[in-house]
Amino acid sequence: MSKPILFLLICLLAPFTLLWGQTGIPTPGMSSCDNLVTQFLAKHNIPGATFAMAKNGKLVYMRAFGEADLSGSETTQPHHLFRIASVSKPITSIGIMQLVEDGQLSLSDKVFGPGSLLGNHPVLGAVTVSDQRIYDITVQHLLEHSAGWDRDVSCVPNPTSPYPWFAGHCDPIGFPLHVTQTLGVSNPVTKENLIQFLMQKGLVFAPGTNYAYSNIGYLVLGEVVEAVTGKTYEEYMTEDVLAPLGICDMHIGKNRYEDKQEREAEYHGNGYTAPSIYGTGLSVPWEYGGWNLEAMDAHGGWIATSRDLVRLLVAVDGFSTKPDILSSGSINTMVAPSANAANYAKGWQVNAFNNWWHTGALDGTASIWARTGSGYTWAIILNKRVIDNTSNTFWGDFDALPWSCISQSTGWPTFDLLDFPSLNSSDISFSVVNDSSLTISWQAGNGSSRILVVREGSPVDAFPLDGSNYQANPVFGLGNDLGNGNFVVMNGATQSTLVTGLDASKTYHFRLFDYNQSANTGNHALYHLCESPTASATTASVGLETSLEELGVQVFPNPTNGLLRITWNQPGQLSRVELRNAQGQVIRRVNAEGMEAALDLAELPDQVYLLTAFGPKGYLGSQRIVKKGE
C-alpha cells in the first residue's frame, strides 16, 4: 500500500472532536447566523463549513466553522476552498451565455453530427451512433436537461460489478471502470469516454420533449466551450469569465488527497469505498479516487471559496447594485423556466418568487448557491455530504439555514467584504546589501497596502486573515508570526523594503499579499491570497548571479568621484536604474531611455553602493559601485 493511501486511511479512521468554532469577521446584528450554522453542523455531524452572504450586492457575512482537515487539527477559515459538485452547472451556464452574447454560439446550434459544433471533435466527432436523434441535440437542450438521456433508466447489466448499486441507473460518472472496460480504453476514465458511452447507448426520449437531469449533458457543454474557444474549459472560464471579476480562487479540483489545491479543505466521506479509478485494484474512499473529479469539470468539478462564488453571482444577478457581466436579455434567457420543467431554467433551479439556486453533492461535500428576488445572495459549502434516506431532513435543514439567518438577523452592516484587491503585486526582485540584509522590490498590485511575509528554509505556507492587522518588523523574526515561522517584515503601501537579520548560509522565501482597508470595508483588512507572488533568495547570491557586464551593460568610471555613466546595447533593454546605500535605501533613481543614462554621485559620501538595473519585466542584475573622492 502506498504511503499517500495509507496516510489517507489513517486520517479517515482517526478520532477527532468536532468543535464548530467560528472564524472570519464578526458581523454586527448577524450573530444569530453563527448560532444557526453551529446548530446545523452539530445536528448533522458535519466537520466544517464556509458561509458567505451578500445583501443588495454587498458581502456582509463571511464566516467559517469547524475543522477543515481530516485529522481535526486545522480550523476552517473563510479562505478555504471546497468542492462544490453540481453548483458547477450554473457556472458553466454563465460561460455558455457569455459565448452566446458574444456571438460565438447560438442556443439552437446542433451539437453532434456533420457540420455541428462537435462534428470535428477528435473523439466525439468519430463516434458511430445507432440513435439518429442524437444529431438533433442543441445547446439549449443540454442547458435545460432535455437532450434525451435519463440517468434513472438503467443502461448497464444487473448487477454491474463492482458497482451493483448503480445497476438501476445510467449515469456513467458512477461506474468509471465499467465505462473504460466497455470502450476498451485505459484508466482513468476521461470526460470524452463518459460522453461516448452515452452516445453509443442512445436516448430515452426525443430531444426537447422531456426533462431528465443529466451530468453528462453538462460535460458535453464543456466540450462545446472548448470547440468554440480553442481553450480548455477551465482556461476559458478562468481567463474570460472569472479573471475579469478579480476571481482567482476557483479551479477544477483534483482526485487525489495529495494533489489538493493550496488552502483546499479535506473531505469526510460516509465510509463508502469503491475500486480506484486508476485501475490499481485497490479499494479507496469514494471522495478520494472513487469518482474521477477531474473528468467532471463542467458538471461538477469546480472548487471555490464561498466568497468568490458570491462575487460571481452578484455579477450576473440582474440587479443594478453591481455591474453585471451579462446583458439583462442574456440573464433573463438564462433563468427563464424551460418548456419541460417549470422549476428549472438553463443551469438554474428557479421559482415564481424570482429566486435562482443550485445545489451540489458528492461524497465529501454538499453546497448551495442562491440568489433571491429580494436581493440576497449566498454560498454555503460543507466538507461532508449527509446521506439521509429515511427522514430526508438534511436537505430541508440545509435549504432553510440561510432563510433562518435572514429572518433572525437584527441589523445589516453597510460595509462590503467584496472590496478586496483584484490584483496582487508581482515581479519580486532582490538586491544584496550585505551578508545579513536584502532589499526587496516589486511591482505594486491594486491593493491600498500589502504585507511581505518571509520564512526561512521553506515556502511561505501561512496566510493573513481578513479582519486582522499585522505588525511588521524589518528584522526577520521580530514581526508578527502568521504561524509556522512565517514572519511579517513589511506592512504598507511601498514598493520596496529592506529586510535585515538574515543568515547568509540560509535560504529565505518571500510572499506578498495585497489588501484593502477603508471605510467601505468597515475598516477591516481584506487580503488577496490567490496569485500572490513568491520568490526565494540568499544574501550570499542574490543580485550577484547576473552581473551587468554579462548583460552588455557598461558602468564607468568605477570607482567614481562624481558622474557615473551607464550604457547598454539596445533601446528598451533597461527600464530604470537605481542606486542603493548600505542600508538598502534607494538614493538615486533614473528612468532608462534610449541607450544610456547617468547618475550624479558627487554629493554622496565615499562608500560602497549597489547599482541595480531593471528591465520591462523586472530585475536584471546588480553591480557594486565605489564612490571615492579626489
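Let me start with a term: buried means under 20% relative accessible area, exposed means over 50%, and partly exposed lies in between, using a 1.4 Å probe and protein chains only.

Now the ground rules. This is a predicted model, so local features need pLDDT of at least 70, side-chain atom pairs count only at pLDDT 80 or more, and totals for chains, interfaces and linings use all residues. Residues are numbered from 1 along each chain as its sequence is written, and side-chain values use heavy atoms, with hydrogens and water left out.

My topic is salt bridges. That term means a side-chain nitrogen of Lys or Arg within 4 Å of a carboxyl oxygen of Asp or Glu. The count here is 24 salt bridges.

Take Lys260 and Glu266. Their side chains form a salt bridge, 3.6 Å from N to O. Is Glu266 buried or exposed? Glu266 is buried, at 6% relative accessibility. Lys260 is partly exposed, at 30%. There is also a network: Lys191, Glu223, Glu226 and Asp297 are joined by salt bridges that share partners.

Next, Arg151 and Asp171. The closest N and O atoms in this salt bridge are 3.6 Å apart. This pair links distant parts of the chain, 20 residues apart, with both Arg151 and Asp171 in the loop between α4 (139-143) and α5 (176-183). Those helices are DSSP runs (H or I, at least four residues), numbered from the N terminus. Arg151 is partly exposed, at 30% relative accessibility. Asp171 is buried, at 8%.

Last pair: Lys231 and Glu239. Their salt bridge spans 2.9 Å, N to O. Lys231 is partly exposed, at 26% relative accessible area. Glu239 is partly exposed too, at 44%.

Note on methods: Helix = DSSP H or I, 4+ residues; strand = E, 2+ residues; numbered from the N terminus.
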